[in-house]
Amino acid sequence: MTQPYFETPPKITVSITATCNLQCKHCYADCTDKPTTSELTTSEWLAFIDYLVENEFIQIYFEGGEPLHRPDFDTILESCGRRMMTLVRTHATLLTSERAKKWKALGVGRLFVDLMGATAKTHDYFTGSDGSFEKSCNGIRHALAAGIPTDAVLILTKRNVGELQAYLELAHELGAQRAGILRLYPLGRAKHHWKEFALSLQEQVEALAALRPPAGLHVMRSWHPNDANCCWQAAAVDPFGNSIGCMYLREYVNYGNIRSVPFLDTWRNDALYKKLRAGKVEKSCTQCDHNEGTRGGCRSTAYAYTGSWNAPDPFCSELNEGVDIRVLPKWLLHDRPKP
């Protein structure tokens, strides 16, 4: 199968802020409650969105931090909601009924709402905020009532694996069309809680195999045989304007800053960015290859565990080769300076 490629990316992920009203124990962005002066300004984001539209991007996916924690986020949404397919990932604790209706009018096409478990005890433990579970559930209800298609998403950990079936039932009860189950990535605060949160690959595979989704609920998951190497299509910008390819690469790469380098120049000219999009890997899984026609699985986890961009993804059961994913390489635990 021929490796797919784009001459220019059709979609992009934007981490609109590194701030949040919660303090989640496994936050990949290691968010603060107040922004730093290095975050892009409103005018810089609006100019970048104009640039994306002019260059025929068709989809923008906002995440954070928490997008709703940024005071100008509705202004930013208004600039793109009717010009590109607009998706938002949020924990929805700040999403009111009125705000949801406004987002529908602004053209938001889909929400992805993070739930940390199926119970208030588990969810609020992760967020460090009592009552956040009910607020997130209400956020899903508000979005669906406003007519915005909404999916629940959960990051699988040792703390919530026992609630996985209950999570699917909760998502279905709330009215979500889809429920995502995501792997835990060694980024931000998550890597410093790794021993507490990380499951073995076998434990993850067994937990997923035991699930019985409610009728009508689609379950999204990326484990074998669905391990895609999505670098071929990935484009992303962090809150400080850095082109990083994918949010799961946020601590590992920097292809250039959009304040000084046009984004598409980073896509076309950065040697590592082009290497990762080429999809050349040491080994690949025949079954997983059928997902997008890509090979080798996630480059972020491959690099995190081996230090090699060409290595197999250890989260794929066919490529793991005995790697204990509950144990992180020591170099990952040394925090790098923030931009």
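Modeller: A disulfide here is a pair of cysteine sulfur atoms within 2.5 Å. This is a predicted model, in which local features need pLDDT of at least 70 and side-chain atom pairs count only at pLDDT 80 or more, while totals for chains, interfaces and linings use all residues. Residues are numbered from 1 along each chain as its sequence is written, and side-chain values use heavy atoms, with hydrogens and water left out.

Colleague: By this rule, to what number of disulfides does the count come?

Modeller: The sulfur of Cys285 has that of Cys288 as its nearest cysteine sulfur, 3.6 Å away, and Cys285 is in no disulfide. For Cys298 the closest cysteine sulfur, in Cys246, is 6.4 Å off and therefore too far for a bond. By this rule the count of disulfides comes to zero.

Colleague: What is the relative accessibility of Cys285, and what is the relative accessible area of Cys298?

Modeller: Buried means under 20% relative accessible area, exposed means over 50%, and partly exposed is in between, with a 1.4 Å probe and protein chains only. Both cysteines therefore count as buried, Cys285 at 4% and Cys298 at 13%.

Colleague: Where does Phe62 lie, and what is its relative accessible area?

Modeller: Helices (H or I, at least four residues) and strands (E, at least two) are DSSP runs numbered from the N terminus, and contact means heavy atoms within 4.5 Å. Phe62 lies in strand β2, residues 59-63, and, leaving aside neighbours within four places in sequence, Phe62 is in contact with residues including Val14, Ile49, Phe73, Leu77 and Leu87. Phe62 is buried, because its relative accessible area is 0%.

Colleague: In which strand is the place of Ser15?

Modeller: Ser15 counts as buried because its relative accessible area is 1%. Apart from its neighbours within four places in sequence, Ser15 is in contact with several residues, among them Trp45, Glu63, Gly64, Gly65 and Arg250. The place of Ser15 is in strand β1, residues 11-15.

Colleague: How do α2 and α3 pack, roughly parallel or roughly perpendicular?

Modeller: Axes are lines fitted to C-alpha atoms, for helices over the stretch in contact, and angles run from 0 to 180 degrees between N-to-C directions; under 35 degrees counts as roughly parallel, over 145 as roughly antiparallel, 65 to 115 as roughly perpendicular and the rest as oblique. Phe73, Asp74, Leu77 and Glu78 in α2 meet Arg99, Lys102, Trp103 and Leu106 in α3. The angle between α2 and helix α3 (residues 97-106) is about 25°, with their axes 9 Å apart. The two helices are therefore roughly parallel.

Colleague: And how do α4 and α5 stand, roughly parallel or roughly perpendicular?

Modeller: Helix α4 (residues 120-127) and helix α5 (residues 132-145) pack at an angle of about 100°, with their axes 8 Å apart. Ala120, His123, Asp124 and Thr127 of α4 make the contact with Ser132, Phe133 and Ser136 of α5. The helices α4 and α5 are therefore roughly perpendicular.

Colleague: What phi does Glu292 have, and what phi does Glu321 have?

Modeller: Glu292 lies in the loop between α11 (286-289) and α12 (299-306), and at 34% relative accessibility counts as partly exposed. Glu321 is found in the segment after α12, and at 54% relative accessibility counts as exposed. Neither is a glycine, yet each has a positive phi, that of Glu292 being about 70° and that of Glu321 about 55°.
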